[in-house]
Amino acid sequence: ATANRPNARVTASFASATIRRAQSLTLTVEVDIAAGKRLYGPPGADGGAALDIRVEGGDAITLLDVRSPTVDGTAPAAYEGRVVVKAICRGVNEDRDEDVGLTVRVSYQACDDTTRYTPAEAAIPLSLYFLPHDWERV
């Protein structure tokens, strides 16, 4: 799913449309940054907000590890063009057999050589189908 926001187009997707109890799943977030603009990775730069990813949707899934790329080993990284962030998520430790609506929230603050723009956020609705635990395969 994609959201067009000021200074960026944000796309988010899970590696699979289904998940099982305690299973890990990769969330990929791609941010296409407008020409001439840049975003900063954690921890942000000069008081500006860093690129941040959250998953909302109750207790269905936990965001474990967000892997923001570095640029030439510097921190905070200054992203231009396209940045791809991978996040490892895990399903809850209980049996479910339902479709769960989730919202991936990507916040950022774009800047260029003269201006730091107002922070923006993209809210991208996604869903995962939670499969019941397969006791035959354990």
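Me: In what order do the four strands of the open sheet stand?

Reply: Note that this is a predicted model. As a general idea, strands of a sheet pair through backbone hydrogen bonds, either parallel or antiparallel. Here the open sheet has the order β3-β11-β10-β6, and its pairing is mixed. Strands β3 (18–20) and β6 (52–56) stand at the edges with a single partner strand each, so one side of each has no neighbour in the sheet. From one strand to the next, the twist averages 35°.

Me: In which sense do β10 and β11 pair, and over how many bridges?

Reply: Strand β10 covers residues 98–108 and strand β11 covers residues 120–131; they pair in the antiparallel sense over 11 bridges. To find one place in this pairing, look for Leu-102, which stands opposite Leu-126 in β11.

Me: How many residues of strand β4 are buried?

Reply: A residue is called buried when its relative accessible area is under 20%. Strand β4 (residues 24–33) has 10 residues, and seven of them are buried, so by that cut-off the strand is mostly covered.

Me: How many bridges join β4 to β2, and how many join β4 to β9?

Reply: Strand β2 (residues 8–14) is joined to β4 by seven bridges, and the two run antiparallel. In that pairing, Phe-14 has Leu-27 of β4 as its bridge partner. Strand β9 (residues 82–91) also runs antiparallel to β4, with nine bridges between them. There, Val-29 stands opposite Val-85 in β9.

Me: Now a loop residue. Is Arg-38 buried or exposed?

Reply: Arg-38 is found in the loop between β4 and β5 (39–40). Its relative accessible area is 17%, so Arg-38 counts as buried.

Me: Which side chains make polar contacts with the side chain of Arg-38?

Reply: One of them is the side chain of Tyr-40, at 3.1 Å. Another polar contact, of 3.3 Å, joins the side chain of Arg-38 to that of Asp-113. Leaving aside residues up to four places away in sequence, the residues that Arg-38 touches include Ile-33, Tyr-79, Glu-80, Gln-109 and Cys-111.

Me: How many salt bridges does the structure hold?

Reply: A salt bridge here needs a side-chain nitrogen of Lys or Arg within 4 Å of a carboxyl oxygen of Asp or Glu. The structure holds nine salt bridges. In one of them, the side chains of Arg-54 and Glu-121 meet at 2.6 Å, N to O. This pair links distant parts of the chain, since Arg-54 lies in strand β6 and Glu-121 in strand β11, 67 residues apart.

Me: What is the relative accessibility of Arg-54, of Glu-121 and of Arg-105?

Reply: Arg-54 has 28% and counts as partly exposed. Glu-121, at 30%, is partly exposed, and so is Arg-105, at 22%.

Me: Which residue forms a salt bridge with Asp-65?

Reply: Arg-67 does, and the closest N and O atoms are 2.8 Å apart. Asp-65 is partly exposed, with a relative accessible area of 32%.

Technical notes:
Residues are numbered from 1 along each chain as its sequence is written. This is a predicted model: local features need pLDDT of at least 70, side-chain atom pairs count only at pLDDT 80 or more; totals for chains, interfaces and linings use all residues. Side-chain values use heavy atoms; hydrogens and water are left out. Two strands pair if DSSP finds at least two bridges between them. Axes are lines fitted to C-alpha atoms, for helices over the stretch in contact, and angles run from 0 to 180 degrees between N-to-C directions. Buried means under 20% relative accessible area, exposed over 50%, partly exposed in between (1.4 Å probe, protein chains only). A polar contact is a pair of N or O atoms within 3.5 Å; within protein, one must be able to donate a hydrogen and the other to accept it, and residues adjacent in sequence count only if both atoms are side-chain atoms. Contact means heavy atoms within 4.5 Å.
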